[in-house]
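Open the model in your viewer and keep the sequence panel beside it. This tour tells you what to select at each stop and what is there.

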Amino acid sequence: MAGGEGAATAGAPEEAGMGLDISRGGGLPSFEFAFKSESFSDRVLWLEVVASHGGPLPDLAFHREEEADGKSIDSSWTMVSTPVLRVKTIYINSVVLAANSPFFLKLFSNGMKESDQRHLTVRIADSGTEETVMMEILSFMYTGKLSTTEPNLLLDILMAANKFEVLACMRHCNQLLTNLPMTRESALLYLDYPCSTSVAAEIRHLTDAAKEFLASKYKVLAK
């Protein structure tokens, strides 16, 4: 268990860097200790959950807050005229996000006003999964890990990781999906899942395997 390992490590700070696990798969550093920590963060991400009304939000619906004459005003990047149901506050480190995502690297270093804004807002639909997907991607950028192996959720994470250009997360999702056993349900999911052209190319091996699996299954039933 993660908690057990953490306790064991904390008992030997001299040998283990004060009890912090600073390694993850592929030799990359882990910043799990800094995830959602105000002490190790330089920005604040507000996740605004809005009513979905059965339709998708525009991709990457961001807005930021600026100061004008000492007053905070809303300067929307994407106009989303839907009521905000709740707001989740997440402390983030711009270096960690920029190191894992060309999207965030450009966002934090483009020289425009938003590069210096402390607060960043992302609007997501109250779909039951979008908040989970966003938290999984943020967590991955700190830890290199995902907490799920559920095919549908992994596909959702893969789609969002593609939008935010978290390439390592895309590869990890792909590997997890590849390692899962093919079933009738998962085969139909891969074939029917609505996705962008780039993600379709990323999971082409899965859709090809799904077609072969179903063809083989129906051949057996036909005998």
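Select residues 130-143, helix H4, and residues 151-163, helix H5, in this predicted model. The two helices pack at an angle of about 65 degrees. Their axes are 9 Å apart. That angle makes H4 roughly perpendicular to H5. The crossing of H4 past H5 is right-handed.

Now show the side chains between them. Which residues of H4 meet H5? They are Thr 132, Val 133, Glu 136 and Ile 137. On the H5 side, pick Leu 153, Asp 156, Ile 157, Ala 160 and Ala 161. Colour this contact by residue class: 6 of its residues are nonpolar, 1 is polar and 2 are charged.

H5 and H6 pack at an angle of about 160 degrees, and their axes are 9 Å apart. The two helices are therefore roughly antiparallel to each other. Their crossing is left-handed.

Next, select the residues that meet here. From H5, take Pro 151, Leu 154, Leu 155, Ile 157, Leu 158, Ala 161 and Asn 162. From H6, take Cys 169, Met 170, Cys 173, Leu 176 and Leu 177. How does the contact of H5 with H6 divide into nonpolar, polar and charged residues? It has 11 nonpolar residues, 1 polar residue and no charged ones. Ile 157 belongs to the contact with H4 and also to the contact with H6.

Move on to charged pairs. The whole structure holds 6 salt bridges. For one of them, select Glu 32 and Lys 145, whose side chains meet at 3.3 Å, N to O. Glu 32 lies in the loop between helix H1 (2-10) and strand E1 (43-50), and Lys 145 in the loop between H4 and H5, so the pair ties together parts that are 113 residues apart in sequence.

Finally, colour the chain by pLDDT. The average is 78, and 70% of the residues score at least 70. Then select residues 66-80. Here pLDDT stays under 50, and the model has 31 contacts beyond four places in sequence.

Technical notes: Residues numbered from 1 in each chain as written. Predicted model: local features only at pLDDT ≥ 70, side-chain atom pairs only at ≥ 80, totals over all residues. Heavy atoms only, no water. Axes fitted to C-alpha atoms, helices over the stretch in contact; angles between N-to-C directions. Helix = DSSP H or I, 4+ residues; strand = E, 2+ residues; numbered from the N terminus. Parallel < 35°, antiparallel > 145°, perpendicular 65-115°, else oblique. Left-handed = near helix turned anticlockwise from the far one by under 90°. Contact = heavy atoms within 4.5 Å. Nonpolar A, V, L, I, M, F, W, Y, C, P; charged D, E, K, R; others polar. pLDDT = per-residue confidence, 0-100. Salt bridge = Lys/Arg side-chain N within 4 Å of Asp/Glu carboxyl O.
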